Amino acid sequence: MEKRHIAVFTPPIGGHVFPALGLCSELLGRGHRVTYPMNEGFGARVRQAGATAIDFKVPEIRSA
């Protein structure tokens, strides 16, 4: 099977992040490269699962 670079995107909420970490581990175990943009609160958990964490900050939305 051809190895891929896969990006995983979820909202930065535990109920979405934690199940996706299992998916990341499975993909890594199959030899794929996994990148997961995530905020600093979950970045360590993403790296612990073996994926590459990209620091993502939600932009501030301001009204005029």
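A residue is called buried when its relative accessible area is under 20%, exposed when that area is over 50%, and partly exposed in between, as computed with a 1.4 Å probe on protein chains only. By this criterion, 5 of the 6 residues of strand E2 are buried, and E2 is mostly covered. Helices (H or I, at least four residues) and strands (E, at least two) are DSSP runs, numbered from the N terminus.

The structure is a predicted model, in which local features need pLDDT of at least 70, side-chain atom pairs count only at pLDDT 80 or more, and totals for chains, interfaces and linings use all residues. Residues are numbered from 1 along each chain as its sequence is written, and side-chain values use heavy atoms, with hydrogens and water left out.

**Strand pairing**

Two strands are taken to pair if DSSP finds at least two bridges between them.

| Strands | Sense | Bridges | Partner residues |
|---|---|---|---|
| E1 (5-7) and E2 (33-38) | parallel | 3 | His5 and Arg33 |

E1, H1 and E2 form a right-handed β-α-β unit.

**Helix H1**

Helix H1 covers residues 14-29. The expected span of a helix is 1.5 Å times one less than its number of residues; the 16 residues of H1 should therefore span 22 Å, in agreement with the 22 Å between its end C-alpha atoms. Gly14, Val17, Ala20, Leu21, Cys24 and Leu27 are buried in H1. The buried residues of this helix pack against E1, E2 and helix H2 (40-48).

Contact means heavy atoms within 4.5 Å. Leaving aside neighbours within four places in sequence, Gly14 is in contact with Pro19 and Phe42. The C-alpha atoms of Gly14 and Gly41, 27 residues apart along the chain, are separated by 9.8 Å.

**The loop after H1**

Just after H1, Gly31 adopts a positive phi of about 95 degrees. His32 belongs to the loop between H1 and E2 and is buried, with a relative accessible area of 9%. Beyond its neighbours within four places in sequence, His32 is in contact with Met1, Glu2, Lys3, Arg4, Ile6 and Leu27. A polar atom of the His32 side chain lies 2.9 Å from the backbone nitrogen of Arg4.

Definitions and conventions. A polar contact is a pair of N or O atoms within 3.5 Å; within protein, one must be able to donate a hydrogen and the other to accept it, and residues adjacent in sequence count only if both atoms are side-chain atoms. A crossover is right-handed if, with the strands pointing away from the viewer, the path from the first strand over the helix to the second runs clockwise.
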